[in-house]
Amino acid sequence: MNRRLFIHAGAAVAGATFLVAAGAQGTGATGQKRHKMVIQVSDNDPAKWNLALNNAKNLQDDVGAANVDIEMVVYGPGINMLKLESPTGSRVADAMKANVKVVACENTLRAQKLSREDMLPAISYVPAGVTEIMKKQGEGWAYLRP
């Protein structure tokens with residue numbers, strides 16, 4: 001099936017919008033299907049962040065952490081939740097320890113006059129958050145926006 005064909009899987013499921021890419025799996029460490037999920041977080045809202053972090057943990061719990069790659073792409077107002085003094089900082093750190101990759105948009109950092117020193121340690125960076133999401137979807141990753 002063509003990876004560029006996407007199926008919109010419901011307008012809202014538990015407060016989240018899904019866009020599932022065909023062929024978004026390979027084989028994981030346990031021989032099961034390997035899943036790949038990119039999560040967009042662009043809201044400066046601790047409740048939305050907690051929902052996104054819960055979604056990531058629930059996905060790992062359901063399919064097995066060894067069977068899923070999760071990347072949270074953060075841009076726009078959502079970047080504030082990656083600052084050192086963020087109310088969700090400890091949960092973000094826990095997610096990263098559980099192998100959830102968290103990437104911040106460098107365009108947003110520049111626009112908000114932030115530096116990497118202002119941000120939580122151990123996060124990664126991409127030049128443009130929206131481009132990162134587009135690339136992941138083109139590679140067959142499923143998309144979630146809580």
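**Close-up views of a predicted model**

View 1. V68 lies in strand β5, where strands (E, at least two residues) and helices (H or I, at least four) are DSSP runs numbered from the N terminus. This is a predicted model, in which local features need pLDDT of at least 70 and side-chain atom pairs count only at pLDDT 80 or more, while totals for chains, interfaces and linings use all residues. Residues are numbered from 1 along each chain as its sequence is written, and side-chain values use heavy atoms, with hydrogens and water left out. At 3% relative accessibility, V68 counts as buried; buried means under 20% relative accessible area, exposed means over 50%, and partly exposed is in between, as found with a 1.4 Å probe on protein chains only. Leaving aside residues up to four places away in sequence, V68 touches R34, H35, L59, Q60 and V63, a contact being heavy atoms within 4.5 Å. The C-alpha atoms of V68 and K36 are separated by 5.5 Å, although these residues are 32 residues apart along the chain.

**View 2. The salt bridge between R34 and D69.** Side chains of opposite charge can pair when their charged atoms come close. In this view the side chains of R34 and D69 meet in a salt bridge, with 2.3 Å from N to O; the term stands for a side-chain nitrogen of Lys or Arg within 4 Å of a carboxyl oxygen of Asp or Glu. R34 belongs to strand β4 (residues 33-41) and D69 to strand β5 (residues 68-74), so the pair ties together parts that are 35 residues apart in sequence. R34 is buried, with a relative accessible area of 17%, whereas D69, at 25% relative accessibility, counts as partly exposed. A search of the whole structure finds 6 salt bridges.

View 3. The side chains of K136 and E71 meet in a salt bridge of 3.5 Å, N to O. This pair links distant parts of the chain, with K136 in helix α4 and E71 in strand β5, 65 residues apart, and both of these residues are buried. K136 also forms a salt bridge with E132, the closest N and O atoms being 4.0 Å apart. Because K136 and E132 are 4 residues apart in helix α4, they are separated by about one helical turn. Salt bridges that share partners join E71, E132 and K136 into one network.

View 4. After α4 comes G140, whose phi is positive, near 95°.

**View 5. Helix α2 packed against helix α1.** Helix α1 (residues 46-63) and helix α2 (residues 89-97) pack at an angle of about 20°, with their axes 11 Å apart. Axes are lines fitted to C-alpha atoms, for helices over the stretch in contact, and angles run from 0 to 180 degrees between N-to-C directions. The angle makes α1 roughly parallel to α2, a description that applies to angles under 35 degrees. W49, N50, L53 and N54 of α1 make the contact with R91, V92 and A95 of α2. The buried residues of α2 are G89, V92, A95 and M96, and they fall within an arc of 120° when seen down the axis of α2, so they line one face of the helix. What covers these buried residues includes α1 and β6, while the face of α2 turned away from the buried side carries the exposed residues S90 and K97.

View 6. Most residues other than glycine have a negative phi. N99, however, has a positive phi of about 70° although it is not a glycine, and this residue is found in the loop between α2 and β6 (100-105). N99 is exposed, with a relative accessible area of 65%. A122, which is not a glycine either, has a positive phi of about 80° and lies in the loop between α3 (106-111) and β7 (124-126). At 65% relative accessibility, A122 counts as exposed.

Key
Angles under 35 degrees count as roughly parallel, over 145 as roughly antiparallel, 65 to 115 as roughly perpendicular and the rest as oblique. The arc is that of the directions from the helix axis to the C-beta atoms.
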